[in-house]
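Student: I would like a close look at one part of this model, with the residues around it laid out in order. Please keep to what can be read from the coordinates and the record.

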There are 4 protein chains.
Amino acid sequence: MSQPSGKKEFCGIFAVFNSPNAAEMTFMGLHALQHRGQESTGIVSSDGENLYRHADLGLVADVFANPHNLKKLKGHLAIGHNRYSTTGSTSVANTQPMAINYHGGALALAHNGNLVNSGSLRQQLERAGSIFSSSADSEVILHLLARSRKSDLIGQLRDALGQIEGAYALVILTEDSIIAVRDPHGFRPLCMGSKDGTVVFASESCALDLVEATYIRDVDAGEIVVVSEDGVKSHHLPPVDSVTQCIFEFIYFSRPDSRIFGEYVDKTRRKLGKVLAEESPTPGADIVISVPDSSNTAALGYAQKAGLPYELALIRNHYIGRTFIHPSQVMRDYNVRVKFNTVGGVLRGRSVVVVDDSIVRGTTLKKLTSLIRHAGASEVHLRISSPPIRYPCFFGMDFPTSKELVASHKDVEEVRSFLGVDSLNYLSIEGLLRAVPVGRCGYCTCCFTGDYPVEIKEACDKHLLEHTTHIMELEFKDDKE
Amino acid sequence: MSQPSGKKEFCGIFAVFNSPNAAEMTFMGLHALQHRGQESTGIVSSDGENLYRHADLGLVADVFANPHNLKKLKGHLAIGHNRYSTTGSTSVANTQPMAINYHGGALALAHNGNLVNSGSLRQQLERAGSIFSSSADSEVILHLLARSRKSDLIGQLRDALGQIEGAYALVILTEDSIIAVRDPHGFRPLCMGSKDGTVVFASESCALDLVEATYIRDVDAGEIVVVSEDGVKSHHLPPVDSVTQCIFEFIYFSRPDSRIFGEYVDKTRRKLGKVLAEESPTPGADIVISVPDSSNTAALGYAQKAGLPYELALIRNHYIGRTFIHPSQVMRDYNVRVKFNTVGGVLRGRSVVVVDDSIVRGTTLKKLTSLIRHAGASEVHLRISSPPIRYPCFFGMDFPTSKELVASHKDVEEVRSFLGVDSLNYLSIEGLLRAVPVGRCGYCTCCFTGDYPVEIKEACDKHLLEHTTHIMELEFKDDKE
Amino acid sequence: MSQPSGKKEFCGIFAVFNSPNAAEMTFMGLHALQHRGQESTGIVSSDGENLYRHADLGLVADVFANPHNLKKLKGHLAIGHNRYSTTGSTSVANTQPMAINYHGGALALAHNGNLVNSGSLRQQLERAGSIFSSSADSEVILHLLARSRKSDLIGQLRDALGQIEGAYALVILTEDSIIAVRDPHGFRPLCMGSKDGTVVFASESCALDLVEATYIRDVDAGEIVVVSEDGVKSHHLPPVDSVTQCIFEFIYFSRPDSRIFGEYVDKTRRKLGKVLAEESPTPGADIVISVPDSSNTAALGYAQKAGLPYELALIRNHYIGRTFIHPSQVMRDYNVRVKFNTVGGVLRGRSVVVVDDSIVRGTTLKKLTSLIRHAGASEVHLRISSPPIRYPCFFGMDFPTSKELVASHKDVEEVRSFLGVDSLNYLSIEGLLRAVPVGRCGYCTCCFTGDYPVEIKEACDKHLLEHTTHIMELEFKDDKE
Amino acid sequence: MSQPSGKKEFCGIFAVFNSPNAAEMTFMGLHALQHRGQESTGIVSSDGENLYRHADLGLVADVFANPHNLKKLKGHLAIGHNRYSTTGSTSVANTQPMAINYHGGALALAHNGNLVNSGSLRQQLERAGSIFSSSADSEVILHLLARSRKSDLIGQLRDALGQIEGAYALVILTEDSIIAVRDPHGFRPLCMGSKDGTVVFASESCALDLVEATYIRDVDAGEIVVVSEDGVKSHHLPPVDSVTQCIFEFIYFSRPDSRIFGEYVDKTRRKLGKVLAEESPTPGADIVISVPDSSNTAALGYAQKAGLPYELALIRNHYIGRTFIHPSQVMRDYNVRVKFNTVGGVLRGRSVVVVDDSIVRGTTLKKLTSLIRHAGASEVHLRISSPPIRYPCFFGMDFPTSKELVASHKDVEEVRSFLGVDSLNYLSIEGLLRAVPVGRCGYCTCCFTGDYPVEIKEACDKHLLEHTTHIMELEFKDDKE
C-alpha cells in the first residue's frame, strides 16, 4: 500500500457556483487535482431542491467514467473531493464530500487538511450524545456546526471553526450557496477563480486552468468566502499570531503549473534548485538529472545555475495499474524498476548530479541510485532541494512516524552512506526560505525543524484513543481483481 | 422498479452469538431470509476488539459471493440485515446494519419495521444538534440511544425505545453482546434458537433451520433479550394495550416453512384456504390452481376442503435477473409472461378456481387471469385467501397509497369486473381471524379495516417533511449493466 | 461445481426471422430456456450487412442486463444459445453461437446436443490443415461445412451433416436467412412457431409462449428448415432406421409447460406418476410429496391415482447466487439445506411417499430423505418416476461416469439401503414407455438399458485424445467476487 | 476514440523461455511495453502439458491485477501481447496471443505488424475451406502454417512466412519451445536477452531492463530464432533486396530508454533535435520547450545545439482514465487541456521554440500552440523533429488516411498558417537519415516519401473486401461505467 517514496498526497477540493455544467466542471477540476489523492473521489451537487451525491473508491476518471452519470448530479452548484487515506480507513464510508441533514437544512462538506484536536472534540461530542459513523475529521466539524445555537450558517460555522485546531481548507455546499474557508494559519492552499459569472474554488490553480476559469485570488488565511445569489461576501475568523503556509506544497505537493500562496510553483521550485546549486555546487560533475516528474524543475534550476547540462536519464512508466497495490513477491522485487528505467547511453561513464525534492524513508532513492550506478554512472552526487525531514507532520501530510524518517536518526553522512552515493547535500532551511516568495504570510517548516505552529497534544495522549473500538468498513473491491 | 404485484417485502434480520463461524452463519441465515429483502444486504461482526462491516446492494449470495471475504468479518458475534427499499433511497448509504461509535463504545443495529413518529423525532433531534446522514429510521434510534443520560446500554435502549412508536424488530451488536428486541405491539416476528452453545436470532425460523439451530421460542412483544458472557437475560418494555402482530406475515410475507408467532405458516395458510372454501365454495368447478409459490398452500387447503383436484397450471420462471429492473418497452409488455407460463393441457376446457393470497393493485392478476383464459379455461373463479386490502400499512409493509389499492375505491363486483373473471370472493375478516392461531396475542388487521393500533399523525402532517432537502445518494451500479 | 443432483441440463437454442425486435425476442426466448443452460449465453443478429455478436458467462438476464445493449444487436434476424458446460471448458472462447467468415460469407451456429464422432472428425480435419480455437463440437460442424465443395449452403450443410453422428439440434444464421435442423434420430427437441409474419424456432415451446408466438409444429427428425425472403422451405436428411427421441426430456429436462415431441410435458409427466402409482402403490401411506419443482407433476399424478393427499412439505429457496459455486467448507456442509427446507407441521408423524423424477448419484437424495425423517416423518417411501439410470449418455445429457451412477453398481435393495428409506420403487421401462406419447417416433432409453441408437466408438478409443494438448482458457471472473 | 494526436501505437510482444516465473516475467515485460498498445493484453503459458491463456480488454496492470491469477498461467514458457486496435474490432475475440490446436499440436502466436496481402490470402484460404473467427492477420498466418504439408514446425513456418508480405515481428509458443521471428524487411524491432539461463524476447529492450535480463542482440531481419531444450538455434528466411526498418520507431514509437535496431532511442532522438537545430535555427528565441513526453529528448538536443535554455512549460496529466473514451461534449471541448497545462511564469513574454516529434492531423497541436500563446508567449516557433507525414503506413503504424494527414494536402506555409504559429520548420529527409544510426540495415521512410518497400495492392483493390460481411463482436464493457 505504501508508495515507494513514503509520501502520500492528502486531498484536493473543488467547488462551482452557478454553472449549468456544475458537476462536469467539478469532475474536470478533480481530475486536474488527481495528484492530491487517488484513493477515492466524490461529488455533491445541488439544484436548490435536493442534494445529489456520488462517491466511490478509485480515480476520478474511473468513478465518473460514464458522462451520463454526471448528468444525474443535477444542479448549478457542486463541490468535489479527492482523497488519500491510510489503509485502515479505505472505505466508502469515509469518502467525501460528506452530506448531511441538520436543523439548518442539507449541507455537504469537503475537507483538505488535518485537525490536531479532533480526538478530544470527538470525545466531548460523544459525551454530549453525538454518534459517529466515520473516522473523518469532517464529521467532527459537521457535528460542531449542527450543535451551534446560532441561527445562521455563518454563525454556526464560526462556532464550529472556533473550536477546531489544525489545518483545514474547506468547501461547503448548501442548497443555494457555496462557502470556502481556509484556516487562520493558512496551512493548505485554496484559490478562487471565475468564468462568465461562474465562481470556482480549487486547491490549486491548475484546476482553474482546466475549466478555463480565470484565477482571481487566493482565499486568505482565516477567510470565509460565501457565494450565493447575493454575490460574493467575505467573513474573517479571528487572526492567529502567524500565518504558516505548508512549505512542502512548494517543494513537492502542488503541481508545477499551479499558482499557490500567490506564486507559481514552477518558479519557486526552480529557485530551490538554483539556491541549492549555490549552496552545494558539484565541481567536476558532467550532467544534472532529475527524478521525474516532481524534481524536474528544481533539477533544471540547478543545472542552469551550475552551468551543467540538464539531461533526461530516468524514464518513468506512467501506466501504474491496480496490480501494484497487492504485488506478489516477484513483482515487489522489481518495484522501483516498474516505475523508473535508466537511459543507458546518457549515464555511462558520467559523473552525475541527481536532484530529488526530498528524502522520506530513503528506501526508494537507495534503489534508484543503485540503478543509476548500474547503468554506468562513474559518480553519483545527490542534491536534495529541501532540508532533511526529521519530524512528523500533523497538518495533512502523511509522513511516516519519526522512526521511519531516515533523517530523524541519521546525520547527513550516515544518510549518504546508507544511500551509497558519492556525496549528498540538502538545501539549508535558510536557503529554502530564501527561495520561497516573501509576503505578509509565513511558512510552516515543522517537518524540518520540529517547530509546530499549533500545539500538538493528542499525538502523545495515548489514553484518548486506546479504548476506542474501531469500525472496520471492509471493501471487497480489491478482491475483485 | 415496481414489482408486478405491488407488494414489497420489508427486511429480514439475523444475529449470532458465540460461534467461530459467526459471519458465515449470518450469511446463511440472511440467505434463508432473502425473500424479505433483495435490494441490499450487510453483515457486521465483532471480535471484541473491532467491529467489521460489509454491506452492499445486491442479493446475499452475490454480495458475499467469495467465501474468503466472509473470513474478513472476524469474530464470534455477528448481525445481518436484508433490505427492501423504495427507489429514491436505494443507496449504499442506507444499507444496514448501521455501525457507529458513541460514548458507550461501538455498536451496530439492524432494524425490521417502520416507525410512525420518526419524522417528528428527527426534527427534535436536529433541533438539538444531531446530524443525519441517511433517511433510515435506524439512525433515529441510534441518536436517541446516544443521547440518553443512562450509563448502561439497557438503560440507554429503554430511553430510546420509550420515545419511538411503530413497528420494530431489532438486533444490536456490541463488542461483546447481542441484543434482540421486539416492539411492544409485536408487529414483526423475531425468534430465538440455539446450537451447541451458540445463540441465534432470526426474523423467521426457516433461517434457524438452515444453520441447523433449534427453535427455542419467539422473542416476546416488548421483550429485550441480551446475550453476553453472562448468559441470556430478559428485560421488558412497558406493555401496551394489545399485542397486534402483523397478520399479513401469515397471509403472504413469511416463508411457509417458517414458524412465526408460535405457529407454522404453512399450517395457518392451509387453514386460510379451507375457511375460504367453506365461505366461498365454487360449485361446478373442475380444478383448483394456485398462483405459485405464495398461494400454493392456501390453494391446496381450498382444494382439499372443496373436494376438487389441485392442479399445477402455472409455471413460474425463477431466473429473474437484473434486466427486469430497467426493462425496455418490449420487455415490459411481456412482464407477466416472464414470470408465469400456463400449462396448456391442464386448463383447456376447464372451469378453474384460481386461489391467490391477496390483491394489491390487481394489474398483475388481471394479466394472469387473462393468460389463464387464453390457455383455454372455460371459466375463471378467483378466490382470495385474505380480505380486500383497503388501507395503507405504516408498520413495515410497503403497500402503495390508497389510491393505488384497487379495493380502496372499487367494491368486490367492480374488482371482479376489472379483473375480468367469472366470480371473485375474498376471505372475510372473521374467516381470517378464525384461521390464524389464537393465543394471548392479537393481530393487526389495519390494511383491511383501517384500525391502526398506533395513532398515525405524521402521514397527514405534510408540514413535517415538505421543507426537507433530500440527499439523493446516487448509485451508478445499475448503469454498469 | 457439481449440482447436488448430478444432473446438468445441456443447452437451449432459439432463433427469430423477420422481427424488428429480433434480439429482444431472442433474449426473451433464451430467458424462457434458462433451465437448459446457466453457464453462458449468447446472441448473434444480422441486419443483412453485418453480423452482431455478444456472448458471455452468466445468466441470460445478467449478460443482457441492459436493454440498451440489446439494441446494438441490430437487425431482423437473430439466433441465441444457452450453454451448460463442464468445468474445464468454462470459458468465453467456448460460448455460442459461434460466428465465422468462410467462402460462403458470414454465418453463426448454435448447437444443442453432442456428437459421438467429433474426435475422429477433428483429427481428420487437423490432418487436412484445419485449426481449432475451441473444444466445441460446433467448430467441427463449421469446418466440415466450409470444406464442402458444394456451392450452396444447403449442399454444404448436407455434406457436413452427412459426416457427423450423434445428437444435434441446430439453428444457423446467415446474413439473410435462418436454418433449423434436427438430427435424423431426433434426439433433442426443436419446434417452430410464428407471430405476425415472424418465424421463431425454440428448443421448447415455453419459449414461444413467452414471446407470444403460436406453436406450429416440431421440426422433424432429419429435417432442415430454411426461412428466408423466399419463405419457409423444407429439406430432409437421409432417414435412419429409427427415430429415438430422448425420453429424459419428458422425465426431467424440459419445462412442464412446454410441448415437446408433439405432447405437453406436464401431461406426460403426470402419466408417469399415475403409472408409477399403479406399478408401485404404497398402502398405509398418509401423504404424497414431491421434490420441487421437477417432480411436482409426477407426484400429483401419483397422489391422484393412489387416492392419497398431495402435500407441500419441501420448500425450495430459489435465490441461488454465485457463492455456491465456490462454497467454503462451512457452506458445503449445508448444501442441501440451502436449497430445501422441510415444513415441520406437514411431516411430523406421517408415513410419507416421496416422488422424485430420477436418481443419479443419490447423494443429494440421501440428505434430503434424512431431512424429511429429521422433520418427523414416521416412514419414508421413495417412488421414482423413471427406471434406474445405469449407463452414461453420449447424446447431450451430462450424466457422470457409470462409476458414479448409483444404480450402475447397486441393485434396488442396495440403493434403498444406501438412501436409508423404508421402501424404494422405480418405474419400469415398460411403464415408462406406456406413459409417453406413442407416435411414428420412438425413444432413446439408453441411460436405462445401455442400448445406444448410434454406435459409440470414441469413448473407448483413448488413443484419440491422449496426445492432445489442451488449451485452457482461463476466466478470472470468479476471482472477482 | 481517436487520440488527440492521431497516432496509435501498434502492439508490443514479449516471450520467456525457461523461467519458474514465466507468466509473471511476461506480465512485467508487457507492462514495460504498455505504450505500444493499451486496448487489450494477453498471456499464454505452457507447462509442457497444456497451454494456459488469459486475455482481456484493458491495461496490463488491470487485466492481470491479481497476482494470484498469474499463478494460474502455469509453466516455464510464456508469450504475451499488448494490442492497439481500431474501433470496429475492439473485442475479446481479437485479443492476442491466439492459441489453437492443429495437427502439429497446440500453438500460440503473438504478432506485431501488419500484412499487406492478408486480404487475398484470406480469400484463398476461405476458398480452400478455411473458416475465420477474427479479423486479425495472425489468424491468416496460423491457417497457412496448419495447411503446410511439412512435418516439422520450422518447415511449416517457412511455408507460411513464404506466402505473407508486410511487417511482422512474431513470438510463437509451443508446448516446449519459443520461436521468435522478424520479417525479412525488419520493419518492427525485436530483441533477445537472457538472465540466468532464461531466454527473453521483447519488442523493445526497456522490457528486458524491467525483468533484469541482459540485452544480447536484435533478432535479425528475416531470422527465425528457436529456443528449446536443445538450446538456441537460428534459421533464416530468403533475404529481400533491402532491410527497411521503420524509422518512426526512432522518431516517436519506442521508449527513449529502449535500444532498438542496435541503438539507444534516446541518443538518436537527441541527434534529431540537434540536426533540426542546425537545419532550422531560431534566432531571437528565448527558450526551447517540448511537448511532453515524446519530444523531450529531441527538444533537449535542439536546445543544446541552439544554445538556448531548455524549459519545462507544459505539464502533462498522466491520470487519463476511461471517461475520456466516451467523453461528453463538455469534456470534449477541454480535451487538450485535460492532457496538458501551461506553466504561466515560464511562457509570459517569451519567444518560444516548441519542439514536437511529428504532425499527423495537426488538430491537437493547433490547440496546444493556442494554449501556449494564451499563456503569454510573445512568439511561437514550431520545430518538428521529422519530415512532413504525407502518406499512409501499411506496416503497422495506424496513421489516418491521406485525406486526414494535414501535410498531404497543405504545404509547409499552409500548415503554419493552419496552426497559427509564427514559424514552422520540419526536419528534412536528409537530416533525418543523418541522425539515425547507419549500419548494414536501411530504413523505411514511406510515410514521408511514399516509397513503399513492398508493393501495396490490396489497399486499392476495393473488390477484395466490399462483399465481406463483418462479424461485429460487441463488448458491453464500456457500458458498465
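Student: Is A:Cys11 buried or exposed, and how many other C-beta atoms lie within 10 Å?

Tutor: The model is predicted. A:Cys11 has 23 other C-beta atoms within 10 Å. The cut-off for a buried residue is 20 or more, so A:Cys11 counts as buried. Setting aside neighbours within four places in sequence, the contacts of A:Cys11 include A:Arg36 and A:Gly37. A:His81, A:Asn82, A:Arg83 and A:Tyr84 are also among its contacts, as is A:Asn112. In the UniProt record, an unreviewed entry, A:Cys11 is listed under "active site".

Under "binding site", the unreviewed UniProt entry lists A:Cys246, A:Cys393, A:Cys444 and A:Cys447. These residues span 202 residues in sequence, but no two of their C-alpha atoms are more than 10.0 Å apart, so they gather at one spot.

Two of them can be followed further. A:Cys246 belongs to strand 14 of chain A, residues 244–246, and A:Cys444 to strand 24 of chain A, residues 442–444. A:Cys246 is buried, with 27 other C-beta atoms within 10 Å. A:Cys444 is buried as well, with 26 C-beta neighbours inside 10 Å. Not counting residues up to four places away in sequence, A:Cys246 touches A:Cys444 itself, along with A:Phe187, A:Arg188 and A:Phe395. With close sequence neighbours again left aside, the contacts of A:Cys444 include A:Phe187, A:Cys246 and A:Phe395. A:Thr244, A:Gln245, A:Ile247 and A:Pro453 are also in contact with A:Cys444.

For another cysteine, consider B:Cys206, which is in helix 7 of chain B, residues 205–210. B:Cys206 is buried, with 27 other C-beta atoms within 10 Å. Leaving out residues up to four places away in sequence, B:Cys206 touches B:Ala32, B:Arg255, B:Asp257 and B:Ser258, and also C:Asn341. B:Arg217 is 11 residues from B:Cys206 in sequence, and their C-alpha atoms are 13 Å apart.

A strand in chain D gives a contrasting case. Of the 6 residues of strand 13 of chain D, residues 231–236, the number buried is 0, so this strand lies largely in the open. Strand 13 of chain D runs antiparallel to strand 12 of chain D, and 6 bridges join them.

Note on methods. Residues numbered from 1 in each chain as written. Chains lettered and ligands numbered in written order. Predicted model: local features only at pLDDT ≥ 70, side-chain atom pairs only at ≥ 80, totals over all residues. Helix = DSSP H or I, 4+ residues; strand = E, 2+ residues; numbered from the N terminus. Buried ≥ 20, exposed ≤ 12 C-beta atoms within 10 Å, placed from the backbone. Contact = placed C-beta atoms within 7 Å. UniProt positions renumbered as here; feature names shortened; annotations may be inferred. Pairing = 2+ DSSP bridges.
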